[in-house]
Each structure stands twice: as C-alpha cells, then as structure tokens.
Amino acid sequence: GTVRRAVDDYDMIQAGDKVAVGVSGGKDSLLLLLALKHLQSFYPKPFELEAITIELGFEGMDFAPVAALCREKDIPYTCLKTDIKEIVFDVRKEDNPCSLCAKMRRGALNDAIRQRGISKLALGHHFDDAVETFMLSLLFEGRISCFRPVTYLDRSGVTQIRPMIYAGELKISNLAQELQLPVVENPCPQDRGSKRYEIKQLLKTMSAQYPDMKSKIFGA
C-alpha cells in the first residue's frame, strides 16, 4: 500500500513501461523488487519488470540466492560483473570512495538498462534515506538538497523512480526479516565509516528527544 501510494502520488509508472529494479542485494532493493512484483499483479497500468545487479567486485558476495528468488517469482534477472571496487579502492585509492563508487554504479546501471531498451530504473531509496541525504547536504555541503521521487536524467534518457519513498527503514527491516529475504551482506570497508553512517547515528540520537523530527525534515 505504501509503494502504491508513492507510485500514484508521483505518477511513477505508465502503462507499457519497462521497469528495471537496481538490486544491490540489500534488504531495500530486494523488498522493492517484491513490492513491485506484487503491484504488477493488480495495478491498472500494466508494466514489465526485471532485476539488474551491478557486481562491484568484492569477494564473498554471492548473488545465487537472489537469482533463485527471481526465478521463483518469474522476474528476469541479470547480474553484471564490474571492476568498480578495484578502480575505486586499489587504483584510485579515493579519500571519498563512496561518491565515486555511487557514480560508477549509476553509470553502469544506466548503460545496462539502455542496452535492454529500458528507460525507467527503480531504486530502493526510502524515507530515512531522504532525511539522511537532506542532512548530509546541509551539514557537509552547506546547501539544501535531496533526491526527488522521480528524476529524469537527460544525458542518459533514464527516469529514476523511488517507489519506497514513504516507507521507513524499520518497517522495511522488519518485513525483510519476516519474508526471509536472501540479503547479500556488503563487505565494503566504508559501510560503517561513511558520512552517511555518521548522520544516521546523529539522527538516531536526536530522535530520542524529538520523536517526530524525521517526519518534519521529510515534510520540509
């Protein structure tokens, strides 16, 4: 219901759309994939759905259970290997690896879906991601900025949609556990050392005193 409300509010999906879900293996993108598969079964605007994973090159990330889930749900699945990890960490040795990694992931995803004749990419960003992105821009860049629920990228011709924009991270985590989703753990060394993680902890601390703070930031 939360996903359908977002899709309706922002007119994310049109009849005949081919929608690709960028599946990182995390709980957010896996739950988004299942939510859109469920929506597909009754939504008045028929659309096609498939899943694409961009493998970054970290050892120990096994996407076979994700492929099995997609087969079970009859969702076409593509897993593309890349050398993004090697470029970001081993060759470039970036001081701020998250930024370059994100750009390269997006570029690889956009290229992959364009080759398949797809122009709509669904991403697993949720309510908490929006709040954290807003605070990251405010505190570390000195500007007011956040991603949009629907973003058209004129350079690539791809439209990014974020159908889980109304869904909170706690609800997503609980449902992912309940459904026993095959989450692929991320071994990235920056996973708990990034600025985003710092903001997540700051918001957690502040929310203890101001319980409705995230909702107000989201509304702003």
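How many residues does the largest nonpolar core have, and which have the most contacts inside it?

## The main core

This is a predicted model. Its largest nonpolar core has 54 residues. Those with the most contacts inside this core are Ile 13, Val 19, Val 21, Leu 33, Leu 36 and Leu 49. Helix H2, residues 27–40, gives the most to this core: seven residues.

Take Leu 33. Neighbours within four places in sequence aside, Leu 33 is in contact with Val 21, Val 23, Leu 49, Ala 51, Cys 70 and Ile 75. In soluble globular proteins, nonpolar side chains tend to be buried together.

## A second core

A separate core has nine residues. Among them are Val 131, Met 135, Leu 136 and Ile 199.

## Helices H6 and H8

Helix H6 spans residues 127–141, and helix H8 spans residues 195–209. They pack at an angle of about 105 degrees, with axes 9 Å apart. H6 is therefore roughly perpendicular to H8.

H6 brings Asp 129, Val 131, Glu 132, Thr 133, Met 135, Leu 136, Leu 139 and Phe 140 to the contact. H8 brings Lys 195, Arg 196, Glu 198, Ile 199, Lys 200, Leu 202 and Leu 203. By class, the residues of this contact are eight nonpolar, one polar and six charged.

## Cysteines

The structure holds zero disulfides. For Cys 70, the nearest cysteine sulfur is that of Cys 79, 10 Å away. A disulfide needs sulfur atoms within 2.5 Å, and Cys 70 is in none.

Cys 70 is buried, with a relative accessible area of 1%. Cys 101 is buried too, at 10%.

Methods
Residues numbered from 1 in each chain as written. Predicted model: local features only at pLDDT ≥ 70, side-chain atom pairs only at ≥ 80, totals over all residues. Heavy atoms only, no water. Core = buried A, V, L, I, M, F, W, Y, C linked by side-chain atoms within 4.5 Å. Buried < 20%, exposed > 50% of the residue type's maximum accessible area, 1.4 Å probe, protein only. Helix = DSSP H or I, 4+ residues; strand = E, 2+ residues; numbered from the N terminus. Contact = heavy atoms within 4.5 Å. Axes fitted to C-alpha atoms, helices over the stretch in contact; angles between N-to-C directions. Parallel < 35°, antiparallel > 145°, perpendicular 65-115°, else oblique. Nonpolar A, V, L, I, M, F, W, Y, C, P; charged D, E, K, R; others polar.
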